[in-house]
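Dear colleague,

Please find the structure below, handed over for your own work. My notes on the contact between the chains follow it.

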Number of protein chains: 2
Amino acid sequence: MAERATCFAVATSSTQRARLSGVFAPVLTPFDSKLQPDAPRFARHCKWLLSQGCRGLAVFGTTSEANSLSVEEREALLASLLASGIPAESLLPGTGCCAIPDTVRLTRAAVRAGCAGVLVLPPFYYKGVSEEGLFRAFAEVIERVGDSRLRVYLYHIPPIAQVGFSAKLVERLLAAYPGTVAGMKDSSNDIANTRAMIDAFAKDGFEVFSGSERFLLENLRRGGAGCITATGNVNPAAIHRLYQEWQSPQAEELQARINAVRSAFEKRPVIPALKAVIAHYAKDAAWRTVRPPLVELAEADMRPLLDELEKAGFEMRP
Amino acid sequence: MAERATCFAVATSSTQRARLSGVFAPVLTPFDSKLQPDAPRFARHCKWLLSQGCRGLAVFGTTSEANSLSVEEREALLASLLASGIPAESLLPGTGCCAIPDTVRLTRAAVRAGCAGVLVLPPFYYKGVSEEGLFRAFAEVIERVGDSRLRVYLYHIPPIAQVGFSAKLVERLLAAYPGTVAGMKDSSNDIANTRAMIDAFAKDGFEVFSGSERFLLENLRRGGAGCITATGNVNPAAIHRLYQEWQSPQAEELQARINAVRSAFEKRPVIPALKAVIAHYAKDAAWRTVRPPLVELAEADMRPLLDELEKAGFEMRP
């Protein structure tokens with residue numbers, strides 16, 4: 001009980017400092033039958049997500065199949081979102097590529113458009129690279145962009161990128177670029193790592209988002225900023241409700257409910273399953289399409305997934 | 001003895017069929033002090049490699065830091081090489097990116113330029129992808145390029161890309177695109193895999209290159225096409241000699257000698273070490289530069305590396 005009270009105190013003071021906090025969706029990218037990005041469907045989905053309580057849109061993340069998009073396709077999609085009326089301050093686009101010039105180009109475009117920040121993967125082709133090499137890669141991007149409006153969120157997703165951020169690296173980046181290095185998305189699936197990042201850096205205003213709503217309550221109690229989560233694409237209102245009511249007596253129950261929905265997706269290839277569920281509820285089969293190397297959800301997997309979701313009390317009206 | 005004779009027979013018949021065979025260098029990419037690709041140094045190095053017996057130049061590979069280059073930078077470097085007089089038929093550029101549009105764009109440019117083939121990484125961001133997804137990714141590239149001159153070499157490097165080619169996937173690709181799917185670079189460092197690929201597919205003209213000269217003799221005896229090897233950047237003549245004399249009595253001795261040189265590099269970060277050695281022998285410090293996330297070889301590592309190389313009988317006159 002004493003420990004919990006302490007956590008609450010930390011969380012409250014951190015929440016007050018946080019510039020960005022809440023639930024972000026790493027927005028799925030719809031493709032047409034020729035595998036081209038479908039800008040109108042994308043904008044419609046973004047608007048629906050904001051209407052459901054998402055604080056923002058982490059477009060061009062892993063769930064967005066962003067690494068299956070060219071730099072030009074990302075630029076064009078960002079421009080089309082802005083043209084459709086999505087507020088720039090709701091956007092946290094992924095801009096981290098293997099090549100520094102690509103990361104610089106996408107980051108610059110996001111900053112100039114007024115985006116809230118950028119979510120930046122480390123260069124992920126070479127494995128086992130040094131802390132010094134990763135520090136230099138980020139320093140090079142930040143200095144080439146050279147804009148005081150830049151807010152960098154470090155995208156830590158070792159299960160996929162295989163290259164991540166050590167506490168030492170975060171410390172060096174924060175020391176070198178205070179105010180610019182603004183936070184992290186921790187998709188390590190390791191709550192101990194999230195806790196360590198929050199404990200070490202949240203006091204300096206560093207905003208730590210969990211990469212799954214499964215950790216949302218613990219993230220907020222510890223002093224984190226919220227979550228950026230794939231299932232935010234389909235279950236945003238329920239996740240947002242926990243974000244709002246995390247200090248209420250029903251918080252544990254809300255957490256359990258969103259966990260049950262997440263579990264149904266985690267048993268399947270997550271991106272194809274999310275797209276298939278949107279296709280089902282929106283009665284719009286085009287949503288099922290993914291770009292290779294991903295493969296759309298098998299028809300046979302659909303009914304069991306919908307049954308499980310229904311059992312978990314899931315509903316969606318996209 | 002009987003087994004060896006059989007191997008020779010297979011090798012000979014396969015060598016006769018092979019369209020491409022020999023030693024290829026995955027050419028290092030020099031950068032200037034602003035980390036920009038240095039086209040004149042690059043062309044000079046390419047010409048030196050060809051003068052030393054390299055059959056061809058696998059530009060834009062892993063050793064080339066190609067994934068640290070933008071698509072535009074690769075296009076510009078390819079054009080500059082051709083303009084400098086490097087024959088297109090000596091070129092086997094790497095064109096595989098995470099995003100299909102990028103792979104298509106680079107592959108198309110290579111085919112139109114008359115390159116001997118393209119070396120294609122699988123899309124490497126998502127891990128644990130299915131054989132079906134990888135098949136679709138390659139099918140999409142081959143069909144979008146839609147050019148009968150296209151020759152695709154599959155770039156199998158699971159230690160870095162983490163995504164590779166199963167025998168089943170190669171079989172499917174060969175069946176769907178015979179004549180277009182032309183071979184493989186096997187950088188698995190697993191000679192059993194190389195043997196299996198040669199045994200299964202070399203009879204159909206599929207050219208299997210080892211990703212290290214350490215396996216060159218065994219590759220050729222088994223019926224493979226040669227090697228595409230990082231150390232080809234510094235030791236091409238000795239490796240080429242083994243390629244030429246693999247059926248001679250001194251083959252084992254030649255193999256042992258090039259292995260000793262390779263060992264000196266393998267104990268260090270290979271790309272920075274190769275660049276540092278070229279910088280040393282060419283008396284051109286600019287060659288040391290690498291792009292982040294790589295870091296140049298530490299000064300303190302230089303003397304021990306040179307000593308080991310000297311002991312291995314290494315010399316280089318770039």
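Glu296(A) and Arg136(B) form a salt bridge in this predicted model, with their closest N and O atoms 2.8 Å apart. The term denotes a side-chain nitrogen of Lys or Arg within 4 Å of a carboxyl oxygen of Asp or Glu. By that rule, four salt bridges are found across the interface of chain B and chain A. The same interface holds 14 residue pairs in polar contact, both residues being at pLDDT 80 or more. A polar contact is a pair of N or O atoms within 3.5 Å; within protein, one must be able to donate a hydrogen and the other to accept it, and residues adjacent in sequence count only if both atoms are side-chain atoms.

On conventions: the model is predicted, so local features need pLDDT of at least 70 and side-chain atom pairs count only at pLDDT 80 or more, while totals for chains, interfaces and linings use all residues. Residues are numbered from 1 along each chain as its sequence is written, chains are lettered from A and ligands numbered from 1 in the order in which they are written, and side-chain values use heavy atoms, with hydrogens and water left out.

Contact (heavy atoms within 4.5 Å) involves 45 residues from chain B and 45 residues from chain A. About 3,400 Å² is buried between the two chains, and carbon and sulfur atoms give 61% of this area. Buried area is the accessible area (1.4 Å probe) that two parts lose on being put together, summed over both. Tyr125(B), Tyr126(B) and Pro293(B) supply 24% of what chain B buries against chain A, more than any other three residues.

Regarding symmetry, a rotation of 180° with 0.0 Å of shift along its axis superposes chain B on chain A, with an RMSD of 0.0 Å; the copies are thus related as by a two-fold rotation axis. The superposition is by least squares on the C-alpha atoms of residues with pLDDT of at least 70 in both copies. Tyr125(B) comes closest to the axis of all residues of chain B, its C-alpha lying at 4.1 Å. The copies meet through the same surface, because 100% of the interface residues of chain B are also interface residues in chain A.

Finally, Glu65(A) is buried, at a relative accessible area of 0% (buried means under 20%, with a 1.4 Å probe and protein chains only). Among the residues that Glu65(A) touches, not counting those up to four places away in sequence, are Lys275(A), Arg291(A) and, from the other chain, Tyr126(B).

With kind regards

Terms used: Buried < 20%, exposed > 50% of the residue type's maximum accessible area, 1.4 Å probe, protein only.
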